[in-house]
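Here are a few friendly notes to read alongside the model. Keep the viewer open and look up each place as you go.

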Amino acid sequence: MEYKYCGHSGVQLPLLSLGLWHNFGDVDDFDVATQMILRAFDAGICHFDLANNYGPSPGSAETNFGRILKENLASHRDEMFISSKAGHDMWDGVYGTGSSRKNLIASCDQSLKRCGLEYFDVFYSHRYDGVTPVEETMQALIDLVRQGKALYVGISKYPPKEQQLAYDILKEAKVPCLLSQYRCSMFDMKAKRENFQLAADNGSGIICFSPLAQGLLTGKYDNGIPEGSRAARSTGFLQQSQVTAERVEAARKLGAIAKRRGQSMAQMALAWVLSDERVTSLIIGTSSVAQLNNNLETLNNLKFSDEEMAEIDAIISDPVLWF
Ligand SMILES: NC(=O)c1ccc[n+]([C@@H]2O[C@H](COP(=O)([O-])OP(=O)(O)OC[C@H]3O[C@@H](n4cnc5c(N)ncnc54)[C@H](OP(=O)(O)O)[C@@H]3O)[C@@H](O)[C@H]2O)c1
């Protein structure tokens with residue numbers, strides 16, 4: 001595994017991190033979940049990305065992760081970098097959602113309990129909720145660090161204005177923003193255009209989620225929606241309406257380029273996101289150890305020729321593909 005420094009910090013992250021949004025809930029196979037965590041850790045993926053609401057049911061991914069840690073990796077805590085987040089709908093009532101201090105502080109305590117941890121390596125505001133002053137949310141993150149419940153803080157999906165304000169407040173408090181988490185893939189370059197340079201200029205690391213567009217950039221939807229795939233599952237966030245003919249066709253064309261490079265479509269899609277020097281790490285999701293192994297091989301071929309880049313750009317520059 002290759003590791004990269006996270007912005008202007010002393011923390012290194014693996015180029016590939018593992019996310020537990022799907023496939024680790026109580027609707028999923030616990031043995032497969034365990035095997036994926038252990039395989040990832042053995043391969044040097046020491047960063048695991050969680051959130052309070054991951055499941056389903058909400059919270060169950062953290063509970064399962066805590067059990068896997070306790071049963072298999074308890075003595076390795078200091079070799080791991082574990083994140084969680086709060087801000088999306090979690091529990092009933094007005095305090096179970098949003099970016100208020102009330103939600104973040106209670107949520108972090110709940111998440112620590114579920115994971116069986118004393119602290120998170122990084123705790124994020126999962127989103128700017130459009131209402132809560134950024135000052136309130138950032139103060140809650142700062143206080144979590146001061147209380148020893150998080151070592152570092154991060155923001156996720158913040159629009160540019162609120163992103164800059166967050167960096168300024170955190171910098172002032174001497175709790176700089178370690179990580180800025182944004183969605184990025186060949187089908188989604190909005191954050192690349194709007195948020196990456198701000199993050200880089202402010203010394204924050206950038207970590208990208210859904211780099212395979214939830215599986216659309218693997219070629220798996222070439223012949224319809226396969227049984228068991230994320231788009232086929234009622235608990236999956238990839239809607240069948242998002243599996244459009246244009247995206248499937250683009251993935252097929254991209255797959256031909258990947259083949260020439262001696263890579264799977266998934267590997268080329270991951271390498272492409274990593275080709276942006278500003279990116280620290282990608283958070284991948286997998287539903288099997290075989291997928292994880294496939295994705296790990298990405299690291300064997302990260303370079304693109306100018307011709308390959310131009311060919312890829314010509315395919316993905318069509319806005320009809322974008323999320
Ligand atoms: N901050 C935020 O708001 C936010 C939002 C979303 C995600 N995230 C984080 O980012 C992580 C990753 O997101 P994601 O799961 O959407 O990432 P992704 O890597 O774009 O999609 C993962 C899915 O693609 C399919 N896949 C992966 N590797 C494959 C391969 N080699 N061959 C064929 N199919 C493959 C699997 O779907 P199948 O089920 O079809 O097999 C897998 O579950 C999450 O777990 C979470 O930690 C954060």
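1. Where is the place of Leu 238? Leu 238 sits in the loop between strand E9 (205-209) and helix H8 (245-260). In these names, helices (H or I, at least four residues) and strands (E, at least two) are DSSP runs, numbered from the N terminus. Residues are numbered from 1 along each chain as its sequence is written. Please keep in mind that this is a predicted model, in which local features need pLDDT of at least 70 and side-chain atom pairs count only at pLDDT 80 or more, while totals for chains, interfaces and linings use all residues.

2. Let us stay with Leu 238. Is Leu 238 buried or exposed? Leu 238 is buried, because 20 other C-beta atoms lie within 10 Å. The rule is that a residue is buried if 20 or more other C-beta atoms lie within 10 Å of its own, exposed if 12 or fewer, and partly exposed in between, with C-beta atoms placed from the backbone. Leaving aside neighbours within four places in sequence, Leu 238 is in contact with Gln 214, Gly 215, Arg 230 and Ala 231. Here, contact means that the C-beta atoms of two residues, placed from the backbone, lie within 7 Å. Leu 238 and Gly 215 are 23 residues apart along the chain, and their C-alpha atoms are separated by 8.5 Å.

3. Gly 215 also leads us to the ligand. Of the 30 residues around the ligand, Gly 19, Trp 21, Phe 209, Gly 215 and Gly 285 come nearest. A residue is near a molecule or strand if its C-beta atom, placed from the backbone, lies within 6 Å of it. Strand E10 (279-284) and helix H10 (289-296) are the elements that give two or more residues to this shell, and H10 gives the most, with 3 residues. By class, the shell has 9 nonpolar, 17 polar and 4 charged residues. For these classes, Ala, Val, Leu, Ile, Met, Phe, Trp, Tyr, Cys and Pro count as nonpolar, Asp, Glu, Lys and Arg as charged, and the others, Gly among them, as polar.

4. Next, a pair of helices. At what angle do the axes of helix H4 (residues 134-146) and helix H5 (residues 160-172) cross? They cross at roughly 45 degrees and come within 10 Å. That is why H4 is oblique to H5. Axes are lines fitted to C-alpha atoms, for helices over the stretch in contact, and angles run from 0 to 180 degrees between N-to-C directions. Angles under 35 degrees count as roughly parallel, over 145 as roughly antiparallel, 65 to 115 as roughly perpendicular and the rest as oblique. From H4, Val 134, Glu 135, Met 138 and Ile 142 make the contact, together with Glu 162, Leu 165, Ala 166, Ile 169 and Leu 170 of H5. These contact residues divide into 7 nonpolar, no polar and 2 charged.

5. Compare that with H8 and helix H9 (residues 265-274), which pack at an angle of about 90 degrees, with their axes 8 Å apart. H8 and H9 are therefore roughly perpendicular to each other. Ala 251, Leu 254, Gly 255, Ile 257 and Ala 258 in H8 meet Met 265, Gln 267 and Met 268 in H9. The contact has 6 nonpolar, 2 polar and no charged residues. In the loop between H8 and H9 you will find Gln 263. Not counting residues up to four places away in sequence, Gln 263 touches Ala 258, Met 268 and Asn 301.

6. Now for the backbone. Most residues other than glycine have a negative phi, and most peptide bonds are trans. Asn 23 is not a glycine, yet its phi is positive, about 75 degrees. Asn 23 is in the loop between strand E3 (16-19) and helix H1 (30-42). Ser 210 has a positive phi too, near 50 degrees, and is found in the loop between E9 and H8. The peptide bond from Gly 55 to Pro 56 is cis, with omega near -10 degrees. A cis peptide bond also joins Pro 56 and Ser 57, with omega about -5 degrees. Pro 56 lies in the loop between strand E4 (47-49) and helix H2 (60-73).
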